[in-house]
Amino acid sequence: MTPAATPAAGRDLPHPAREEIRLESVLHALSDPMRLRIVRELAAGGDELSCSDFVLPVTKSTTTHHFRVLRESGVIRQVYRGTAKLNGLRADDLDALFPGLLDRVLEAAARQAGRPES
């Protein structure tokens, strides 16, 4: 683990530094419907959201897993503010590394959500 990814205190969470974010990890994180839903909600919110702001049809432990995958891949940043764990998109980092990727994925997800289910 590099110094940028090493937790500094008990409540700090490890995140990859910008230069450590890998395309295959980002694509893997975005390939799951629940994780894509989280990312879409964060993008629509435009700000940090608490984990409790998300109502997902999965168990709490599965929700925690999805947030961890998103954080460890570099898609989101999680920080503690008091007792709340806040989540924000790392859009600037993703756009710097993979220009337009996040926007295109979000646009495609919105188009798919608007289609009738088969």
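**Before you start**

The model is predicted, so local features need pLDDT of at least 70 and side-chain atom pairs count only at pLDDT 80 or more, while totals for chains, interfaces and linings use all residues. Residues are numbered from 1 along each chain as its sequence is written, and side-chain values use heavy atoms, with hydrogens and water left out.

**Stop 1: the whole protein**

Show everything as a cartoon. You will find five helices and three strands, in the sequence order α-α-β-α-β-β-α-α. Helices here are DSSP runs of H or I with at least four residues, strands are runs of E with at least two, and both are numbered from the N terminus.

The accessible surface of the protein is about 7100 Å², and carbon and sulfur atoms hold 53% of that; areas come from the Shrake-Rupley method with a 1.4 Å probe, and for residues only the protein chains shown count as cover. Of the 118 residues, 33% count as buried. Buried means under 20% relative accessible area, exposed means over 50%, and partly exposed lies in between (1.4 Å probe, protein chains only).

Contact means heavy atoms within 4.5 Å.

**Stop 2: α1 against α3**

Select residues 23-30 for helix α1 and residues 60-73 for helix α3. Their axes come within 9 Å and cross at roughly 160°. Axes are lines fitted to C-alpha atoms, for helices over the stretch in contact, and angles run from 0 to 180 degrees between N-to-C directions. That angle makes α1 roughly antiparallel to α3. The cut-offs are under 35 degrees for roughly parallel, over 145 for roughly antiparallel, 65 to 115 for roughly perpendicular, and oblique for the rest.

The crossing of α1 and α3 is left-handed: the near helix is turned anticlockwise from the far one by less than a right angle, whereas clockwise would be right-handed. Show side chains for Ser25, Val26, His28 and Ala29 of α1, and for Val69, Leu70 and Ser73 of α3, which make the contact. By class, these residues are four nonpolar, three polar and no charged. Nonpolar covers Ala, Val, Leu, Ile, Met, Phe, Trp, Tyr, Cys and Pro; charged covers Asp, Glu, Lys and Arg; the others, Gly among them, are polar.

**Stop 3**

Is Ala29 buried or exposed? At 0% relative accessibility, Ala29 counts as buried. The C-alpha atoms of Ala29 and Val69 are 6.2 Å apart, although 40 residues separate them along the chain. Leaving aside neighbours within four places in sequence, Ala29 is in contact with Arg35, Val69, Leu70, Ser73 and Val75.

Next, select Leu30, also in α1. Leu30 is buried, with a relative accessible area of 8%.

Across in α3 sits Ser73, which counts as buried at 5% relative accessibility. Not counting residues up to four places away in sequence, Ser73 touches Pro16, Ile21, Ser25, Val26 and Ala29.

**Stop 4: α2 and its two partners**

Select residues 33-45, helix α2; the axes of α2 and α3 come within 10 Å and cross at roughly 70°. The two helices are therefore roughly perpendicular to each other, and α2 passes α3 in a right-handed crossing. Met34, Arg35, Ile38 and Val39 of α2 meet His65, His66, Phe67, Val69 and Leu70 of α3, a set of six nonpolar, two polar and one charged.

The contact joins Leu36, Val39, Arg40 and Ala43 of α2 with Leu102, Val105, Leu106, Ala109, Ala110 and Ala113 of α5. By class it has nine nonpolar, no polar and one charged residues.

**Last stop: Ala84**

Finish at Ala84 in strand β3 (residues 84-89). Ala84 counts as partly exposed, at 26% relative accessibility. Draw a C-alpha to C-alpha distance to Cys51: it reads 7.8 Å, for residues 33 apart in sequence.
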